[in-house]
Amino acid sequence: MARIKHIALATQDPEATAKFYIDGLGLKEVGKLNSPTAEGYYLTDGYINLAILKFKYDDPATTEGQLRYTGIHHFGCKIEDMDEARAKIEGAGAVHRPYPGTEHMEARGNVEVKFSGPDGVTVDLSESGWAGAS
Amino acid sequence: MARIKHIAIATQDPDATAKFYVEGLGLEIAGKVNSVAAEGYYLTDGYINLAVLKFKNDDAANTEGKARHTGLHHFGFMVEEMDQAQEQILGAGATKKESAITDANGHARTGNVEVKFTGPDGITVDLSETGWAGASKD
């Protein structure tokens with residue numbers, strides 16, 4: 001079964017947002033992120049990766065049919081086999097979403113494939129998982 | 001430490017949305033929801049609760065400064081001690097969110113007593129001592 005292992009929040013002030021989840025909820029910082037698509041922080045509660053992202057331009061900031069530069073943005077699942085997981089989610093009606101910067105993902109250890117589900121909600125699938133997630 | 005144990009998705013068609021996550025990701029139905037605030041489903045991957053909610057009014061649908069009746073909506077943490085957790089999150093700058101969804105009796109009936117807060121960028125963060133249906137207690 002797929003396991004939900006990633007939640008991404010968009011913000012214009014990643015430092016303040018990361019500080020809130022560290023001070024207010026006890027999450028731990030497990031990495032800083034600076035990719036072609038976003039900068040920010042990876043936090044964790046020991047099980048789930050909470051990404052705090054300042055998107056750099058409109059394409060990656062788009063979700064649910066519109067730009068979202070602030071607010072809860074998307075979530076992701078760790079899966080065992082990408083081909084099988086992809087066939088399954090597409091069979092259920094998801095649409096694969098080409099995403100900029102995929103070639104940089106391997107370097108940071110998070111190879112994700114993005115899909116749009118019902119209501120345009122963005123769902124990531126990853127075989128490798130996300131930083132700090134168990 | 002607080003544990004993320006809940007993600008809520010708003011939709012106008014909870015049956016179709018739940019079906020997508022069951023068939024497309026293998027989640028399991030842990031319960032049906034029908035409260036003063038919303039109807040829909042609780043799904044789980046065995047660890048976390050994914051709530052698929054059709055909100056019944058704008059108050060319940062409100063997040064990030066406006067009503068959101070479709071799309072990724074909020075998330076929640078299971079905490080060990082509500083008073084301490086509340087003090088900590090308020091100390092970090094959250095504000096308590098009052099809404100029709102804070103229906104203590106209703107939540108007690110469904111086994112999910114949550115307290116809602118608004119964090120940076122208006123994001124809604126739930127805290128719960130009891131956790132959510134289908135989510136493990138670890």
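I began with the buried residues of H1(B), which pack against S7 and H3 of chain A and also against S1, S2, strand S3 (38-44) and strand S4 (49-55) of chain B. I took contact as C-beta atoms, placed from the backbone, within 7 Å. Helices (H or I, at least four residues) and strands (E, at least two) are DSSP runs, numbered from the N terminus.

This is a predicted model, where local features need pLDDT of at least 70, side-chain atom pairs count only at pLDDT 80 or more, and totals for chains, interfaces and linings use all residues. Residues are numbered from 1 along each chain as its sequence is written, and chains are lettered from A and ligands numbered from 1 in the order in which they are written.

I listed the buried residues of H1(B) as B:Pro14, B:Thr17, B:Ala18, B:Phe20, B:Tyr21, B:Gly24 and B:Leu25 (buried: 20 or more other C-beta atoms within 10 Å of the residue's own, C-beta atoms being placed from the backbone). Down the axis of H1(B) they fall within an arc of 155°, so they line one face of the helix; the arc is that of the directions from the helix axis to the C-beta atoms. After H1(B) I found B:Gly26, with a positive phi near 80°.

I then turned to the chain contacts: 36 residues of chain A are in contact with 36 residues of chain B. H1(A) gives the largest share of the side of chain A that touches chain B, 6 residues.

Last, I checked strand pairing (at least two DSSP bridges). S1 (residues 3-10) and S7 (residues 71-78) of chain B pair in the antiparallel sense over 7 bridges, and B:Ile7 stands opposite B:Phe75 in S7(B).

Methods
Two residues are in contact if their C-beta atoms, placed from the backbone, lie within 7 Å. A residue is buried if 20 or more other C-beta atoms lie within 10 Å of its own, exposed if 12 or fewer, and partly exposed in between; C-beta atoms are placed from the backbone.
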